[in-house]
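Please go through this structure with the points below at hand. They are grouped by topic.

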Amino acid sequence: MQDADRRLSADDWDELHFPRPEENDFDRVVESAISRRGFLGGVLAFGSGAAAMGAGLLGAASARAMETSRFAFTPIAAQTDGTVHVPEGYGWKVLMRWGDPLFSEADGYDITDGGPVENSDKVFGENTDGMETFSFQGRQLIAVNHEYPNEDINLPASQDGKPVSADDVLKLQNIQGVTVMEIAEGPDGWNVVKDSPFNRRIHHNTPMKIVGPAAGHDLLRTEADPTGTSSLGTFNNCGSGKTPWGTYLTCEENFNGYFGSTDEAASHDEKVAAGFARYGIKAKSWNGYEGFDPRFDTSKNPNEPHRAGWIVEIDPTDPQSTPVKHTGLGRFKHENAEVVLARDGRVVVYMGDDERGEYLYKFVSNGTYQPGAETEGLLNDGTLYVARFNDDLTGQWLPLTPETTGMEAAEILIFTRMAASKAGGTTMDRPEWVAASPVAAEAYCCLTNNKNRGVKPNAGGDDTSANGPNPRDTNRYGQIVRWRPADEDHAADDFDWDLYVMAGNPTVHADAYAGSDNMNEGNLFNSPDGMAIDSTGLVWIQTDGDDENQGDFAGNGNNQMLVGDPVTGEIVRFMTGPNGCEVTGLAWSSDLRTMFVGIQHPGSNWPDGGTPRSAIIAIKRDDNALIG
Ligand code: FEO
Ligand code: CA
Ligand code: CA
């Protein structure tokens, strides 16, 4: 190497001496994504696929969109303060905060000292995330996730919020998981129905069933459960889903952080060790659970982490029901579960694995959903696929089978990441929520950001050079990819795709980091994460990004919720959260006159001026008109 090359990294040296061609197919994909004109051209380029978008919607809506905006409000400006903002003509109110009682016996639960361990499983949990609403016997139910604790707030007496006793651990375990609760709207707005028979907390010690093709496998067996079919607790419950038969799906994301080892010299067999490496299970857990609860100690229970990382089904209408972990949906860092029906009634579940350079998946059931008929097996008896995106705007769902992966069927489900690598999926920029349109055969996935894109491979060693839907190295802004299944059928193997938006900052950059043409000074955002599509087809986007409002992120303000027109690509800002927060979780009341939105880990003293408290807010129009 010559002197002039000395300060270059190996990657830079490679690029200098073996440069990529000036322009290739991949560059043209980026170009078409950046230019809205090119993007709309891209829509036309779908050709026969244009029909797959729902010709009625595309034709009618695009004509309408040219004349008038589909948004019923005046977009708001970015904000940097400590409260929530919504457009003129709308209002918001806190529905539930961490620590609010679900039952009278928890009245007086005081969070100023972190809350007593007694009754900590009878109050609304911490860090609200994915949620879904259910209408049952004329009642309005909500199931909602509590993703992780804010230890310094939850355990204020402990240094840095680290548990110092089994009670501290139990308190943290009790305030995570899932809440099911009944709510009702009265003259003062929405409130929880305290002591409703439907109110329920599901946490880190709630008994669960494990079902599906991997249930009972050796890798799922422990001393406490030699059958490998029952476990305790659900962990790091991030996004959500809802089945056509009225159950709630909660998605276990960063489950790895709950397990550690009290014996750092402990060794594991090759398969277990490889799984720990790929899934990030380390010697120390986040909160030291392993020191107080041997279940989380991998030196004693090396298979326990295999019993987390699943999608869990909960019946919100039956408080006595046992939650079910579905191994058929694979094991990874599940973001959410978007359930749609194929044309023939098969159940399709879209799922992202939120880790840099991991994959996007779908499951297709063998059986079909028939209203009122038995649904058992529909989320397990089927095929799991990983997405491959080609640079020419086409893609395929690659089945994960013993033939395509060289792995046995149950191990494909337990070590799904390895199976996806072997099948040749496309490494993605952290797939967060997937949302499917109720009015067109298309689905969207937020790819939140990926500082490792083009920098280093994923934990499985897979190449993460820039590719079609993940076109920017060291991607700090994120993008939303959209696909349209062949024949308007979500069960189809093939799809066409485009980028709905590439977030960026056109006030700071003039290159690809300016983002696509539907980014502008009025809607700056970064790191799209939560997403839901309303009954009219509008795409609601929530952010979990850099809110320092400077440098690359100047003008972005606090994390926020925006809404996009799927046809024109126009995106406008609807809501801003208090500084420090992430906006996550979105569901509508059954009458569509209220939107419930989650405010997670607010950094200010929101909402009461005292201890910051994650909370669900209810947003309504002042005229009580439909809101989604
Ligand atoms: Fe829990 Fe990937 O967000
Ligand atoms: Ca998320
Ligand atoms: Ca996120």
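This is a predicted model: local features need pLDDT of at least 70, side-chain atom pairs count only at pLDDT 80 or more; totals for chains, interfaces and linings use all residues.

Residues are numbered from 1 along each chain as its sequence is written, chains are lettered from A and ligands numbered from 1 in the order in which they are written, and side-chain values use heavy atoms, with hydrogens and water left out.

**Calcium sites**

- Donors here are N, O and S atoms within 2.8 Å of the metal, or 3.2 Å for Na, K and Ca; water is not among the atoms, so sites may look incomplete.
- Helices (H or I, at least four residues) and strands (E, at least two) are DSSP runs, numbered from the N terminus.
- The calcium ion (ligand 3) takes E432 (OE), D529 (OD) and D544 (OD) as protein donors, at 2.3 to 2.4 Å.
- Its donors follow the spacing E-x96-D-x14-D along the chain.
- D529 lies in strand β22 (residues 528-533) and D544 in the loop between β23 (539-543) and β24 (560-564), so this pair ties together parts 15 residues apart in sequence.
- The calcium ion (ligand 2) and the calcium ion (ligand 3) lie 4.0 Å apart, bridged by E432.
- Buried means under 20% relative accessible area, exposed over 50%, and partly exposed in between (1.4 Å probe, protein chains only).
- E432 is buried at 2%, and D529 is also buried at 2%.
- D544 is partly exposed, at 26% relative accessibility.

**Cysteines**

- The whole structure holds zero disulfides, a disulfide being a pair of cysteine sulfur atoms within 2.5 Å.
- For C251, the closest cysteine sulfur is in C238, 7.5 Å away and too far for a bond.
- C238 is buried at 3%, and C251 is buried at 0%.

**Helix α11**

- Helix α11 (residues 416-423) is largely enclosed by the rest of the structure, because seven of its eight residues are buried.
- The buried residues are T416, R417, M418, A419, A420, S421 and A423.
- Just after α11, G424 takes a positive phi of about 90°.

**Ring contacts**

- A search of the whole structure finds 30 aromatic pairs.
- Rings of Phe, Tyr and Trp (its six-membered ring) pair if their centres lie within 6.5 Å; planes under 30 degrees apart count as stacked, over 60 as edge-to-face and the rest as tilted.
- F235 and Y258 form a tilted pair, with ring centres 5.6 Å apart and planes at 45°.
- F235 is in the loop between β8 (230-232) and β9 (237-242), and Y258 is in the loop between β10 (248-252) and α8 (270-279), 23 residues apart.
- F235 is buried at 2%, and Y258 is buried at 1%.
- Y350 and W483 pair edge-to-face, 5.2 Å centre to centre with 70° between the planes.
- Y350 lies in strand β14 (residues 346-353) and W483 in strand β20 (residues 479-485), so the pair ties together parts 133 residues apart in sequence.
- Y350 is buried at 0%, and W483 is buried at 0%.
- Ring pairs also link F71, F73, Y90, W540, F574 and W588 into a cluster.
- A charge sits over a ring if NZ of Lys or CZ of Arg is within 6 Å of the ring centre and within 35 degrees of the ring normal.
- K242 has its charged end over the ring of F134, 5.0 Å from the centre.
- R417 lies over the face of Y279, 4.9 Å from the ring centre.

**Nonpolar cores**

- A nonpolar core is a set of buried Ala, Val, Leu, Ile, Met, Phe, Trp, Tyr and Cys residues joined through side-chain atoms within 4.5 Å.
- The largest nonpolar core has 57 residues, and those with the most contacts inside it are V347, V349, M351, Y361, V386 and L400.
- A second, separate core of 25 residues includes L538, M575, C581 and A615.
- Contact means heavy atoms within 4.5 Å.
- Beyond its neighbours within four places in sequence, M351 is in contact with residues including I311, L329, F332, H334 and V434.
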